[in-house]
Amino acid sequence: MDLVLTQAAWTLKTQALTGQVYVDEVEVDEEGIAEVLMDDNVIANVSRPGTSLRKPGTSSQSGPSPGVRPTSQSGRPLSGFVRPGTQGGRPGTMEQAIRTPRTAHTARPVTSSSGRFVRLGTASMLSNPDGPFINLARLNFSKYASRPNLAKALFEYIFHHENDIRNALELAALATEACQFKDWWWKVQLAKCYYRLGMYRDAGKQLKSALDQQAMVDIFLYLGKVYVRLDQPLTAIETYKQGLEKFPGETSLLTSIARIYEGLTEMDNAVKIYKDVLQFDNMHVEAIACIATHYFYTDQPEMALKFYRRLLQMGVYNAELFNNLGLCCFYAQQYDMTLTCFQRALSLADDQTLADVWFNIGHVALGICDHKLAYQCFRLALASNNDHAEAYNNLGVLELKRGHVESGRDTCKLSFNLRGEGFHSKASGVHGGEVNSYHRPVAPTFAGRRSEYKWFLSSEDRHATVSHIPKMSFFFTIGGTAVLSETTSLRFAPSEDRISRDRASGSWENLCDLL
Amino acid sequence: MDSKEKLSDTSDKWLDAYNDRVASLYTFTQCMTLSDIKADGDWKLIIADLGTGSYDMKLKVYKNTNLMSEHTIMDLPTGVVTFYLDTLEPRTPAIAVASGPYIYIYKNLRPYFKFTLPPLEIHPVEQDLWDQARQDHVSPIIMKETLESLRQEGATLTTRSLRLLQLDPSDLDTFIQVQKSAPLKRQTVITCLGTLKKNLADDDAISCLVIGTESKAIYVLDPEAFTVLATMELPSVPVFLSVNGLYDVEYRIVTSCRNGCVYTIKRGSNEAVVKHTIELKSQPVGMERIGKNIYVGTMDQMLHCFTAKGKKLWSIKMPATIMTLEAIDFKPKGFSGVAVALGNSQVQIYKEKYLTDVIHTEDVVTGLRFGHFAREDGTLVMTTRSGSLFVKILKRTAKFEERDLSAGPPAAQNVKLNVPKKTKLFVDQTLRERENAVAMHRTFQRDLYLLRLNVAREYVKALENSMNPHLIRSHRASQAYSSGWLLEQLKPNLKTLFVVQGVGPTFRLTVNLQNTSLTQVSTSLLITFEYDDKLYSFHKKLIQVPMLVPGLMYLYESFIDCLSDKGVSDTVKVYVLKQGRSMPLITGVISMPVSEAVVLS
């Protein structure tokens with residue numbers, strides 16, 4: 001009796017400790033530098049067009065051109081929603097990879113088997129001055145493996161809390177053997193371990209075997225993730241679709257498909273799927289945000305505004321959202337709300353987003369031809385974020401307009417250097433709070449409007465620079481958005497027909513109230 | 001200069017096949033045609049030569065570059081076409097030459113048939129007069145007066161009566177005596193000629209002749225019996241014809257008339273359908289139909305394009321007067337356009353409204369034909385005002401780009417933008433904007449003033465802070481960057497770039513310093529760091545910077561060891577100092593990357 005009680009308490013504590021650091025494995029997927037650069041899982045180095053996430057843009061491109069909608073370093077259009085992996089591009093060289101920011105904010109770990117997971121484990125250790133609760137080295141795994149109740153709790157503890165994948169794998173292997181390979185749960189755990197260790201093929205096998213026994217949404221998601229890691233996006237989509245046959249309307253499966261389409265730059269398909277998601281869950285933040293971003297970049301700011309407003313009504317309240325609302329209001333000619341939104345965004349902005357908000361305000365200033373204000377805003381953006389390439393670019397153009405050829409040239413060159421030298425995340429204009437997003441990232445992204453940087457290349461000699469000036473002023477007068485900015489995404493609402501028409505008129509009042 | 005260059009780079013689309021400057025041809029586009037009249041695959045050029053304009057009119061047939069046969073024509077030719085009038089093998093087409101009121105048909109280059117247009121009705125009073133004259137019941141003077149009054153009433157008289165009116169009173173009697181016994185006839189003159197397939201659309205199907213006359217009518221002739229199948233009245237005299245369709249099924253005749261209008265006639269309508277009338281601002285000098293569009297060149301140097309329904313698509317001004325038009329439909333390349341011969345000795349080729357090629361000729365071109373000639377597919381035959389004959393062959397490599405050679409907006413400007421449809425939401429918002437314009441503007445302006453104030457405050461704060469490291473710390477803008485941190489401070493002549501490399505526990509910090517001023521060197525600078533010494537250890541704590549030459553990039557680096565394996569990181573400050581100044585010139589805040597722990601055992 002005592003023994004049973006002791007075991008119950010032990011199990012409870014194990015689970016409690018695990019719960020402290022539990023992470024949704026399916027969502028968190030970050031490729032480490034080592035995985036990216038020393039990838040030996042790719043099947044085809046030269047893949048056929050439209051079949052690889054590594055070469056986005058080779059499929060039949062739909063949606064706005066990259067000149068209109070900013071892209072990440074790797075060529076994928078910016079998403080409306082920040083999630084793990086949307087920030088960094090794929091570095092081309094080791095040098096670039098190593099130089100990529102690896103702060104707590106934007107870190108790309110060296111390998112996925114260390115990095116963030118280590119930090120999680122370490123953090124829990126730090127909080128336990130007495131040392132670890134369970135001393136793994138002294139455990140007899142085969143004893144625990146034969147006792148399913150204890151083994152599962154122990155496994156999760158090892159896997160999540162201790163982050164000791166090898167021991168977890170050993171336990172899982174013994175346990176699945178102990179139950180004669182009849183428990184799908186152990187197969188999934190084995191797959192997780194293999195996945196963490198980079199043995200994607202083995203992970204795939206385990207997952208398929210588990211699926212034969214028991215169809216679970218999680219297994220489909222995990223299997224899709226394995227295929228994505230193997231750079232087989234089409235197979236992954238196929239897998240998710242099989243899952244959808246078993247679980248019609250499962251939004252996590254739909255969302256995964258949409259993300260892959262986004263990665264393949266098939267924006268029309270992605271938006272279609274996101275709209276499907278909203279049919280089943282009209283409070284789905286990611287879908288709303290991505291659809292809104294899509295509308296914004298396809299010249300329908302009024303539609304984007306509707307979606308962003310929906311996010312606001314749902315309780316999302318952050319700088320990105322207000323920034324995006326401000327931009328949408330401006331481009332949809334609802335001027336009275338524009339600056340209010342930006343002021344709100346400024347007051348809510350954290351270090352990560354402040355620069356982008358200033359940058360966008362600078363854009364609005366350009367739009368009303370207040371170049372002095374624009375100049376100050378871009379400088380403020382740079383004060384907040386010194387490697388904001390877009391702000392440098394715009395500043396350079398403004399300098400040139402003022403006749404400061406020399407300084408304009410230098411500024412533009414800086415911008416080019418920043419953009420060109422692998423400041424993936426920042427320079428690509430994607431900002432957002434990935435940080436707190438272990439479970440479901442909620443923070444929308446900033447999307448950016450940028451002009452091309454190429455023509456600054458030729459500004460080496462002064463004549464060339466001078467001759468470019470008219471071109472730049474052209475940028476300004478026509479677009480106002482020559483280089484600008486962004487928005488964030490939001491969440492959103494049901495597809496169009498769900499927001500009733502009559503709400504449209506009342507919506508402004510609502511927005512005013514909310515503000 | 002510019003145009004010369006264009007000449008040299010565009011005219012390389014054509015090969016000069018044949019030049020005959022002494023061909024002494026006096027002819028126009030309507031009097032030239034290209035046809036395989038021997039059914040041997042060797043296409044001939046058939047030209048009705050107007051001779052001197054009053055005599056020596058000839059029908060000339062060229063085989064390759066040789067004159068193959070010549071036939072005298074009695075009157076001035078106004079049109080030449082070839083058409084199939086039977087189904088016999090070999091399929092040799094007949095040549096029809098319009099001249100005065102007659103159509104001469106040649107088969108196998110031999111005269112075959114002469115068709116005369118039906119005589120027109122004679123005014124009863126005129127008929128009566130001549131009847132009386134035959135019986136000498138009327139005096140010449142009265143006859144002339146009556147005819148004169150008839151003419152002034154607007155009646156159309158026969159040529160005989162018109163001639164009579166021109167004569168001196170003394171010659172009247174003789175003229176009447178000579179003419180009175182012959183029957184009185186009123187005839188018209190053919191102005192233009194075309195063909196219309198009868199009931200099959202094949203290339204060698206039997207065709208009807210379509211004839212426009214001076215009597216403001218269009219006739220369709222049966223090819224076998226040479227009877228008039230259909231007569232259509234027009235408001236004016238037709239001068240150019242464009243026919244398509246099948247007579248027995250559905251056809252459409254587009255005709256431009258001397259009154260400056262273009263009429264469309266459809267099967268079943270005896271009169272031009274008025275709703276399809278196109279009114280031109282000037283008289284037409286050429287008309288071609290390509291696909292569904294009608295191209296008309298007018299005397300005011302304009303080329304117009306209309307849809308089949310008469311809607312104007314565009315018009316462009318030519319650099320000189322238009323002499324003639326010819327449609328170019330080159331199927332092997334899928335190119336269709338219109339060649340325009342101009343009064344400045346150019347032939348310009350337009351694809352839709354874009355000039356794609358210019359051919360410079362020695363003289364003003366008056367006759368143009370494009371098509372099969374000899375064994376070549378794309379041949380352009382040109383005759384000039386001075387009587388020369390030129391033949392050019394389109395090169396197989398020739399490519400007509402849609403590039404616009406003429407000045408004006410580039411072709412890209414005409415590409416339709418993918419502008420999304422206006423949403424209902426947009427309309428609603430526009431309404432709101434319209435209704436609340438004043439309030440919105442006021443709000444915006446007020447917000448704008450506030451914003452400017454805020455921005456100015458922040459800006460001043462940033463200016464102050466950049467000079468003061470402690471203030472930077474308090475300012476939210478002093479964000480940290482790990483690997484690349486670039487600061488172009490307000491001290492304009494120094495630029496820095498900080499880069500942290502490595503995965504840990506040892507990192508390398510590189511400081512790039514550049515003196516950006518043009519003339520002044522920077523001296524006595526120092527670089528130092530501020531950091532938590534429990535966490536980091538710098539190999540070099542102070543770096544002395546030698547004199548900085550303007551423009552060069554200097555690199556200084558220091559290794560940093562991370563002393564903790566707990567996965568924590570901190571920020572590190574880099575100061576660029578100048579000796580003798582208490583404030584740093586530049587402050588950089590770098591947030592260090594998390595050191596990768598020693599790989600898990």
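Mentor: What follows is a look at one helix pair in chain A, with its setting. The model is predicted, so local features need pLDDT of at least 70 and side-chain atom pairs count only at pLDDT 80 or more, while totals for chains, interfaces and linings use all residues. Residues are numbered from 1 along each chain as its sequence is written, and chains are lettered from A and ligands numbered from 1 in the order in which they are written.

Chain A has 24 helices and two strands (DSSP runs numbered from the N terminus, with at least four residues of H or I for a helix and at least two of E for a strand). The pair is helix H9 (residues 200-213) and helix H10 (residues 217-229) of chain A, whose axes come within 10 Å and cross at roughly 155 degrees (axes are lines fitted to C-alpha atoms over the stretch in contact, and angles run from 0 to 180 degrees between N-to-C directions). That angle makes H9(A) roughly antiparallel to H10(A), a term for angles over 145 degrees.

On the H9(A) side the contact includes A:Tyr200, A:Ala203, A:Gly204 and A:Leu207; on the H10(A) side it includes A:Ile219, A:Tyr222 and A:Arg229. Residues are in contact if their C-beta atoms, placed from the backbone, lie within 7 Å. The contact residues divide into nine nonpolar, one polar and two charged (Ala, Val, Leu, Ile, Met, Phe, Trp, Tyr, Cys and Pro are nonpolar, Asp, Glu, Lys and Arg charged, the others, Gly among them, polar).

For the setting, 54% of the 515 residues of chain A count as buried, meaning 20 or more other C-beta atoms within 10 Å of a residue's own.

Note on methods:
Angles under 35 degrees count as roughly parallel, over 145 as roughly antiparallel, 65 to 115 as roughly perpendicular and the rest as oblique. Two residues are in contact if their C-beta atoms, placed from the backbone, lie within 7 Å. A residue is buried if 20 or more other C-beta atoms lie within 10 Å of its own, exposed if 12 or fewer, and partly exposed in between; C-beta atoms are placed from the backbone.
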